[in-house]
Amino acid sequence: MSLKDKDKKIYDSIVAEGKRQQNSLEMIASENYASPEVIEALGTHLTDKYAEGYPGKRYYGGCEHVDVVEETAIKRAREIFGCEHVNVQPHSGTQANIASYLSLLDIGDKIMGMDLSCGGHLSHGHPLNFSGRYFKIVPYGVRRDNGYLDYDEIRNIALREKPKMIVCGASAYPRKIDFKKFSEIADEVGAYLMADIAHIAGLVAKGEHPDPVSCCDIVTTTTHKTLRGPRGGMIMCGKKNSKEIDRMVFPGTQGGPLMHSIAAKAVCFKEVLSHKFSKYIKGVVLNAAKLADELKRGGMKLVTDGTDTHLVLIDMRPLKITGKEGESLLQDAGIVANKNTIPYDPQKPFVTSGLRLGTPVLTTRGMGPEEMKEVAGWICDILKKRDPGTIKNVRKEVSRMCKNFPVR
């Protein structure tokens, strides 16, 4: 019997989600569509295998085949990023961050991390997250006048606070991050430097963003988002910190690894090594730049006035609506984005004054600059007019575009 026969409720929900993806323009910057091969690897009997430990040093028998899988994933990740050591076992980006902090820090140590409202991540020091509860957090932000990182001010904070670790990386920062400047600051104050490249890993992999591996003590990432793999995490570091990292992933913060997910990571990494993926990432960046230009032409105010990466952040305040309202309006028309805080946002995090848009999924579907021009025009019309007629007309256009660029 099939899943359809044994559990129709779950089957129907899976089918419905597939239809939603096919019939919507997914513009959430942290999402992507994995290849059929990645999905195939996820749905294998590797999920049955317990493999606590590492290749050649397992606590269970019968690991000879999953050892090959994990070793292959590690080898491919090292080739992509040019790093000395890789741990592919973290279940998520946040799990990777937990293990990284605890490998080099003690509870109560001081961390400098980017403030969530300025584009950082929950795991970089938010008070409700483990990072904010276990460590003393000193936040840094961006310039109020232009939304850019102010490296001089970051240096001043570091000199004053003397953190044990500085975390760089973001979830809603549209510009390139100068990891070398962060490294110089960390060296000056004697701090460890950790880069979280969850959002930009695909760009880093193909030279569309500065490389953090050569100048950071630890680099963490997710394997979905711009890498277009399965949901999961990964840690990269030099040999100097490799034993501490591995011990803190297992047995420090996790038990058995998800071998089906690690297999899917290996498949993803092979795809990333291809010329086809290089072309894809260039398209992601070009599409984001085109989207930003057309949004500005349509009267939208953008944080940092544009983008260097895969995402665009709209400041909704000139439109007199919130990010939450904007998200809802676009979703009614079949455009899926997410409300997001802007730097020094006056609104609450569940409401926000911003809207975050990304191009990874649209690029995966084969869309290019001409489609970005159309999409930007629809977004501007909806956010400015906000009437049922406009939304209905855009919904028809979205349906047309989705049919022309099917998922997978």
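Does Asp308 count as buried, partly exposed or exposed, and at what relative accessibility? Keep that in mind as you look through these views of a predicted model.

View 1. Let's start with the big picture. The chain folds into 16 helices and 15 strands. Its C-alpha trace spans about 65 × 65 × 40 Å along the principal axes. A compact globule of 408 residues would have a radius of gyration near 22 Å, and the chain's value of 21 Å agrees with that. Of these 408 residues, 56% count as buried. Among contacts with a separation of 6 or more, 73% join residues 24 or more positions apart.

**View 2. The neighbours of Ile197.** Leaving out residues up to four places away in sequence, Ile197 touches Phe81, Phe179, Val204, Pro212, Val219, Thr220, Thr221 and Met236.

**View 3. Strand β5 and its two partners.** Strand β5 covers residues 110-114, and five of its five residues are buried. In a regular strand the side chains alternate between the two faces of the sheet. In β5, Lys110, Met112 and Met114 lie on one side, Ile111 and Gly113 lie on the other, and all are buried. Five bridges join β5 to strand β6 (residues 136-140), and the two run parallel. Look for Met114, which stands opposite Tyr140 in β6. β5 also pairs in the parallel sense with strand β7 (residues 165-168), over two bridges. There, Ile111 has Met165 as its bridge partner.

View 4. Side chains of opposite charge can pair when their charged atoms come close. Asp308 and Arg175 form a salt bridge, with their closest N and O atoms 2.9 Å apart. Asp308 lies in the loop between β11 and β12, and Arg175 in the loop between β7 and α8, so the pair ties together parts that are 133 residues apart in sequence. Now for the opening question: Asp308 counts as partly exposed, because its relative accessibility is 26%. Arg175 is buried, with a relative accessible area of 11%.

**View 5. Salt bridges in the helices.** The structure holds 20 salt bridges, and here are some others to explore. Glu294 pairs with Arg297, their closest N and O atoms being 2.8 Å apart. These two residues sit three residues apart in helix α12 (residues 275-297), so about one helical turn separates them. Glu294 is buried at 10% relative accessible area, whereas Arg297 is exposed at 62%. In another salt bridge, the side chains of Glu374 and Arg400 meet at 2.8 Å, N to O. This pair links helix α15 (residues 369-385) with helix α16 (residues 388-404), across 26 residues of sequence. Glu374 is partly exposed at 31%, and Arg400 is partly exposed at 33%. Finally, look for Glu17, Arg20 and Glu26, which are linked in a network of salt bridges.

Technical notes. Residues are numbered from 1 along each chain as its sequence is written. This is a predicted model: local features need pLDDT of at least 70, side-chain atom pairs count only at pLDDT 80 or more; totals for chains, interfaces and linings use all residues. Side-chain values use heavy atoms; hydrogens and water are left out. Contact means heavy atoms within 4.5 Å. Buried means under 20% relative accessible area, exposed over 50%, partly exposed in between (1.4 Å probe, protein chains only). Helices (H or I, at least four residues) and strands (E, at least two) are DSSP runs, numbered from the N terminus. Two strands pair if DSSP finds at least two bridges between them. The radius of gyration is taken over C-alpha atoms; the globule rule is 2.2 Å times the number of residues to the power 0.38. A salt bridge is a side-chain nitrogen of Lys or Arg within 4 Å of a carboxyl oxygen of Asp or Glu.
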